Amino acid sequence: MSTHAPTDGTSRDAAVVIDDYFARLATATEAIRARIGADELAELRAHVDDRLVGTTATAADATRVLAELGSPEELARAFAAEAAEYDAAPDAVDGRPSALVGRVLGMPYDVRPPTTDRVALRVWNPTDPRILVPKAFGMGWTVNFGALAVKTHLVRPDDEDDAFAAVPDGVVTATLAAPAAVAMAVVVLAAVSWPTLPANVPVHWNGAGHVDGYSSRGAAVLWLVVMAVVPVLLAAWVHTRRRRRFNRVAASAVSLGFAVLSLAILVQTVASAGGGTGMWPTWLGIGGFLVLPFVLLVGVSRLGSAAERRRDLSITSSKGRAQ
């Protein structure tokens, strides 16, 4: 009997094909001692269902969609390779201590090439109670928004098994719109204000908001544009590579933080160059750097949890009708 509840319009034959594929996947992963989490499996199921939307959802359609994932054996090996990276301890690579990860005077550092998985887990891991965790790349700490969401009772760790996997793909893609819009605002403001800025512009302020450091206009403004645009381009790359929904949303959130901070500092620079005082743009930017990615991650997570509950309710109702 098929265990895959057919979605509207999906034939029983297609459900059997899908069940057979996932059964072979389970056998393959067990054979090579790989590990596939519930969220990955749920996302794979959701992906197959999404791809069948708009087709006649026959067995042939299901076979074609599943072929895009590769054979179950190939997919199992891909998961095993990905799990190997997760299994690397924070202070070790390939099971051996690494000089690339460690601490200097108590401050953590990690100069291994960053991966999308590591970045995503550092900014959103509700199962880790630490709010400040080592950066995925560089020296110092970053905010674990997942722990913060748990402490503020906005999410529960148990909600996160499949939450992002259940988010509609269109919503995941749309999360990139916010950082892209802010980065574009940085570029436009830089271009518009460039002719009016002096050769040397303010780049540092004391606690009272008075300028105590200058740099050349080109270096200061171009650096802020790079700080806004490059993270957005990297996030767009993560989206185009069709990485997991969790990775894509995390990439959007990180790039949004950098874009907002860049815009705030640029506004501060332009205002100070025009004789303005006060640190309100920078403080707003720091607030946006912390709050907006948090809001984005929490919002998408809760949306996914709601979608997951609706799907579970639909499956339960279908089973009830079948009985």
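Helix H10 comprises 29 residues (residues 245-273) and, at 1.5 Å a residue, should span 42 Å, which agrees with the 42 Å that separates its end C-alpha atoms; the expected span is taken as 1.5 Å times one less than the number of residues. Helices (H or I, at least four residues) and strands (E, at least two) are DSSP runs, numbered from the N terminus. The model is a predicted one, in which local features need pLDDT of at least 70 and side-chain atom pairs count only at pLDDT 80 or more, whereas totals for chains, interfaces and linings use all residues. Residues are numbered from 1 along each chain as its sequence is written, and side-chain values use heavy atoms, with hydrogens and water left out.

Of the 29 residues of H10, 21 are buried, so the helix is largely enclosed by the rest of the structure; buried denotes under 20% relative accessible area, exposed over 50%, and partly exposed the range in between (1.4 Å probe, protein chains only). H10 is followed by Gly275, whose phi is positive, near 100°.

Two strands are considered paired if DSSP finds at least two bridges between them. On this basis, three strands form an open sheet in the order S3-S4-S6 with antiparallel pairing, and the edge strands, S3 (101-104) and S6 (138-139), each pair on one side only. Four bridges join S3 to the antiparallel strand S4 (residues 107-110), and Gly102 stands opposite Tyr109 in S4. Strands S8 (residues 200-205) and S9 (residues 211-216) also pair in the antiparallel sense, over five bridges, with Val211 in S9 as the bridge partner of Trp205. The hairpin of S8 and S9 has five residues between the strands, and Gly209 in this hairpin takes a positive phi near 90°.

At the surface, Val104, Leu105, Met107, Leu132, Met139 and Trp141 form a nonpolar patch with about 630 Å² of accessible area together. Leu132, which is found in strand S5 (residues 132-134), counts as exposed at 52% relative accessibility. Patches are made of residues with over 30% relative accessible area and no salt bridge, like charges being joined within 9 Å and nonpolar side chains (Val, Leu, Ile, Met, Phe, Trp, Tyr) within 5 Å; a salt bridge is a side-chain nitrogen of Lys or Arg within 4 Å of a carboxyl oxygen of Asp or Glu.

How values were computed: Accessible areas come from the Shrake-Rupley method with a 1.4 Å probe; for residues, only the protein chains shown count as cover.
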